[in-house]
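Notebook open, structure on screen. I'm jotting down what I looked up, in the order I got to it.

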Amino acid sequence: MNSWLLLNSGPGESAFNMALDEALLHAVAHWRKPVLRFYGWIEPAATFGYFQKYSEVAETILLRPLIRRPTGGGIVPHDADWTYSLAFPPNHEWYSLKAVESYRRVHEWIRDAFARLNVDSELALEATKSAPGQCFIGYEQSDVLWQGRKIAGAAQRRTREGLLIQGSVQPPPISLKRDDWENAMRAIGEIHQRAIWEKLDSDSAESLDRQAAELARTKYSQDAFNQKR
């Protein structure tokens, strides 16, 4: 069986959202199954890449709070965007991919999900970055474009425990429902990844929430972490 775990967290507080993604990265090696998580935001916020300088980010965007992500990349505004994450254990084929390949694959997945909803999008063939450090101004190679505008980007982190991909979709200004997009993502996963979706069992879900709550309290809500560089 090609089992994948599916987690729909719903809207969450910004620090907890980042903490839960890190908790997934820590847990996925034990579960030995990839995880797809969908989630949203209870308040406008911005996240920024793990290696970015806080002072530069704070001068660039007015959105608050500002939360440092566990992954790289640039500044991402969050409010009405559709956010997701993917976590892969070290035994999974995605873990061994080069970063450019896993980036392309996840955006092919999103492109094909939009196509299932009769929305034409494409992957950028080259970068046209006009504002360094800001994810949705200009675009990078393999970002998802709709009518020439970037609508999906992602950031990654690989550790000994696994691969974490965090992505944001800024839906095009046409009549689309998030539930339909999530259903399309699951359907494309079944087709191209041969995924058989399973819900996270209650014990694992409770443990994950406890770990995330602790990480949110001690790390992602703390100035010492968010302003560490």
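**Asp143.** I started with Asp143, which counts as buried because its relative accessibility is 0%; buried means under 20% relative accessible area, exposed over 50%, partly exposed in between, with a 1.4 Å probe and protein chains only. Asp143 sits in the loop between β7 (122-123) and β8 (144-146). Helices (H or I, at least four residues) and strands (E, at least two) are DSSP runs, numbered from the N terminus. What does Asp143 touch, leaving out residues up to four places away in sequence? I found Tyr103, His107, Glu122, Leu123, Ala124, Lys150, Ala152 and Gly153, where a contact means heavy atoms within 4.5 Å. I also checked Gly167: Asp143 is 24 residues from Gly167 in sequence and 11 Å from it in space, C-alpha to C-alpha.

**What I'm looking at.** This is a predicted model, where local features need pLDDT of at least 70 and side-chain atom pairs count only at pLDDT 80 or more, while totals for chains, interfaces and linings use all residues. Residues are numbered from 1 along each chain as its sequence is written, and side-chain values use heavy atoms, with hydrogens and water left out.

**Whole chain.** I get six helices and 11 strands. The C-alpha trace spans about 45 × 45 × 35 Å along its principal axes. For 229 residues a compact globule would have a radius of gyration near 17 Å, and the chain's 17 Å agrees; the radius is taken over C-alpha atoms, and the rule is 2.2 Å times the number of residues to the power 0.38. Of the 229 residues, 52% are buried. Looking at contacts between residues at least 6 apart in sequence, 68% join residues at least 24 apart.

**Charges.** I noted 28 positive and 29 negative side chains, with the centres of the two sets 4 Å apart. Lys and Arg count as positive, Asp and Glu as negative, and His and the chain ends are not counted. Each charge is placed at NZ of Lys, CZ of Arg, CG of Asp or CD of Glu.

**Helix α4.** Next I checked the length of α4 (residues 178-192): at 1.5 Å a residue its 15 residues should span 21 Å, and the end C-alpha atoms are 21 Å apart, so the two agree. The expected span is 1.5 Å times one less than the number of residues. Which residues of α4 are buried? I listed Arg178, Trp181, Glu182, Ala184, Met185, Ala187, Ile188 and Gly189. The buried residues of α4 pack against β1 (3-12), β2 (35-41), β6 (82-88), α3 (99-116), β10 (163-169) and β11 (196-199).

Most residues other than glycine have a negative phi, and most peptide bonds are trans. Arg194 is in the loop between α4 and β11 and counts as exposed at 58% relative accessibility. Gln147 also isn't a glycine, yet has a positive phi of about 50°. I placed Gln147 in the loop between β8 and β9 (149-158); at 70% relative accessibility, Gln147 is exposed. The peptide bond from Arg64 to Pro65 is cis, omega near 5°, and Pro65 lies in the loop between α2 (54-60) and β4 (66-68).

**Asp223.** Last stop: is Asp223 buried or exposed? Asp223 is exposed, at 53% relative accessible area, and belongs to helix α6 (residues 223-226). From Asp223 to Asn2 I noted 221 residues in sequence and 41 Å in space, C-alpha to C-alpha.
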